[in-house]
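Visitor: Please take a single part of this model and go through it closely, with the cut-offs behind each term.

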Amino acid sequence: MIDANTFSNLVVTESMDTTLSPIPAGEHPAYIKDQKLRQQKEYWILDITWVATDQASIDATQRDEPTVRQSIFLDFTPEGALDTGKGKNIQLGKLREAVNQNQKGKAWSPGMLVGASAIINIAHEVYKENLQANVKGVAKAL
C-alpha cells in the first residue's frame, strides 16, 4: 500500500476528470452502504449512501460501486428522540417502509439500515454546472 512519503513523490503526467458520471436517471436496485448523521445550522440530516447494483449504473459511472447520497432532514422531540408524531419524519418513514423496517412495536435504530436493499428512483439536476444524481424516492425491492 502507499504511504505518505511515496504519495508526496508520485509523478502524474495525465489530466484527471473534474466531474463524476452520475447513475442514470430512473429506478435502480440498490443497497445502503452507510448512514451518517450531520448537523447543518439548526437542522439534523441523515445522509444515506446507496450503492446501485445494476449493470447500467456500473457501465454509466465506470465504477464497481456506483454511489449516490440521499439526505433526509430529521425531526426530534425536545427530549432528543426521533419524533414519531403525525407528519414527522415522513421521508425516514418512507425509507424504513421500503426496507421493511417500519413495524410498530419492533425496536429499530438507524444502524440497521446498513445492508438493506430497495429500489431507488434517481433524478438528475444541475448544481454549479455539474450534473448530479439525487435519490428522489425509494420503494420496496421486488
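Guide: In β2, Ile45 is the bridge partner of Arg38. The pair belongs to a predicted model, in which local features need pLDDT of at least 70 and side-chain atom pairs count only at pLDDT 80 or more, while totals for chains, interfaces and linings use all residues. Residues are numbered from 1 along each chain as its sequence is written, and side-chain values use heavy atoms, with hydrogens and water left out.

Ile45 lies in strand β2; strands are DSSP runs of E with at least two residues, helices are runs of H or I with at least four, and both are numbered from the N terminus. With a relative accessible area of 1%, Ile45 is buried (buried means under 20% relative accessible area, exposed over 50%, and partly exposed in between, with a 1.4 Å probe and protein chains only). Leaving aside residues up to four places away in sequence, Ile45 touches Lys36, Leu37, Arg38 and Gln40, and also Ser71, Ile72, Phe73 and Leu74; contact means heavy atoms within 4.5 Å. Lys33 is 12 residues from Ile45 in sequence, and their C-alpha atoms are 17 Å apart.

The strands β1 and β2 pair in the antiparallel sense over 10 bridges; two strands count as paired if DSSP finds at least two bridges between them. Their hairpin has 2 residues between the strands, and there Lys41 takes a positive phi near 55°.

Further along β1 is Asp34, which is partly exposed at a relative accessible area of 28%. Beyond residues up to four places away in sequence, Asp34 touches Asp47, Ile48, Thr49 and Val114. Gly87 is 53 residues from Asp34 along the chain, and 26 Å separate the two C-alpha atoms.

On its other pairing, β2 (residues 43-52) is joined to β3 by 8 bridges, and the two run antiparallel. Within this pairing, Leu46 stands opposite Ile72 in β3, and Asp47 stands opposite Ser71. In a regular strand the side chains alternate between the two faces of the sheet.

Gly26 stands opposite Ile122 in β4.

Taken together, the strands form an open sheet of 5, in the order β3-β2-β1-β4-β5 and with antiparallel pairing. The edges are β3 (67-74) and β5 (130-139); each has a single partner strand, so one side of each is left without a neighbour in the sheet. On average, neighbouring strands are turned by 40° against each other, direction ignored (axes are lines fitted to C-alpha atoms, for helices over the stretch in contact, and angles run from 0 to 180 degrees between N-to-C directions).

Helix α3 (residues 90-98) lies across β1 (26-40), β2, β3, β4 (117-127) and β5, and runs at about 130° to β3.

The loop between α3 and β4 holds Leu113, which is buried with a relative accessible area of 0%. Not counting residues up to four places away in sequence, Leu113 touches Ile32, Leu46, Ile48, Leu95, Val99, Gln101 and Trp108. Val99 is 14 residues from Leu113 along the chain, and their C-alpha atoms are separated by 7.7 Å.

Asn100 is also placed in the loop between α3 and β4. Asn100 has a positive phi of about 60° although it is not a glycine, and at 47% relative accessibility it counts as partly exposed.

The loop between β4 and β5 contains Lys128. Phi of Lys128 is near 50°, again a positive value in a residue other than glycine, and Lys128 is exposed with a relative accessible area of 64%.
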